[in-house]
Amino acid sequence: MTDGVLLCIIENMNTKTDLFGDPISYNPLENFKVFEHHVAGTLKSRYFDVKEQWVLSVNKPNGKTHKIDSIIPSLGLLIECKLQNTDGTAEEKIDYTMRCLQYAIDKSKGIYKKAIIVMAGNAWTFKHDIIDTCEKMFPAVEIVIWEDDKELLNLPLEYNSVYGR
């Protein structure tokens with residue numbers, strides 16, 4: 001009998017509730033930290049070596065430490081997440097993020113091979129212009145539009161199968 005009580009308590013500790021004790025549904029787009037963790041968690045179901053908040057061995061072009069949202073070391077794949085739910089600066093940072101990712105790939109001597117930026121949210125104003133322009137400027141960086149987890153689960157298992165451009 002005590003095992004059942006203990007199980008119930010543990011389940012309740014993992015469930016978010018509102019002021020009235022009603023369960024709050026999970027929203028991966030709640031904020032940028034939740035989204036970053038959601039993306040990493042989704043990828044972990046397919047790739048054994050996903051690391052979060054990883055400091056790269058190559059600094060940014062300005063010499064500062066470069067920490068990225070996630071990395072899959074076995075693929076040499078760098079992952080950044082950008083969430084734009086309201087007007088803000090995420091959209092303005094895409095070019096700089098792509099520039100830094102391309103720089104890291106170019107300077108890593110083959111350690112990093114490809115990067116993706118996972119864009120989500122409903123407040124992007126020039127999403128397709130960003131994709132069309134920036135992907136031409138930074139060929140090793142690809143933008144993935146997140147609508148649900150299918151985009152993440154359809155990433156290739158092997159780098160050479162899709163990443164060769």
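Predicted model: local features only at pLDDT ≥ 70, side-chain atom pairs only at ≥ 80, totals over all residues.

Where is the place of Gln53? I found Gln53 in strand β1, which covers residues 51–55. Strands here are DSSP runs of E with at least two residues, helices are runs of H or I with at least four, and both are numbered from the N terminus.

Residues are numbered from 1 along each chain as its sequence is written, and side-chain values use heavy atoms, with hydrogens and water left out.

I looked up phi for Gln53 and got a value near 50°, which is positive although the residue is not glycine. Gln53 is partly exposed, at a relative accessible area of 32%. My cut-offs: buried is under 20% relative accessible area, exposed is over 50%, and partly exposed is in between (1.4 Å probe, protein chains only).

Lys109 also went on my list, with a positive phi near 55° in a residue other than glycine. I found Lys109 in the loop between α3 (90–107) and β4 (114–120). Lys109 is exposed, with a relative accessible area of 81%.

**Entry: the whole chain**

I counted 6 helices and 5 strands in the protein chain. Along the sequence they come in the pattern α-α-β-β-β-α-β-α-β-α-α. The chain has 165 residues, and 39% of them count as buried.

Then I checked contacts (heavy atoms within 4.5 Å). Among those between residues at least 6 apart in sequence, 62% join residues at least 24 apart.

**Entry: the cores**

Which residues have the most contacts inside the largest nonpolar core? I wrote down Leu78, Met98, Tyr112, Ile117 and Ile143, in a core of 21 residues. The term means a set of buried Ala, Val, Leu, Ile, Met, Phe, Trp, Tyr and Cys residues joined through side-chain atoms within 4.5 Å.

The elements giving two or more residues to this core are β2 (67–72), α3, β4, α4 (127–137) and β5 (141–145). The most comes from α3, with 5 residues.

I picked Ile117 and listed what it touches, leaving out residues up to four places away in sequence: Glu80, Lys82, Ile94, Thr97, Met98, Leu101, Val141, Glu142, Ile143 and Val144.
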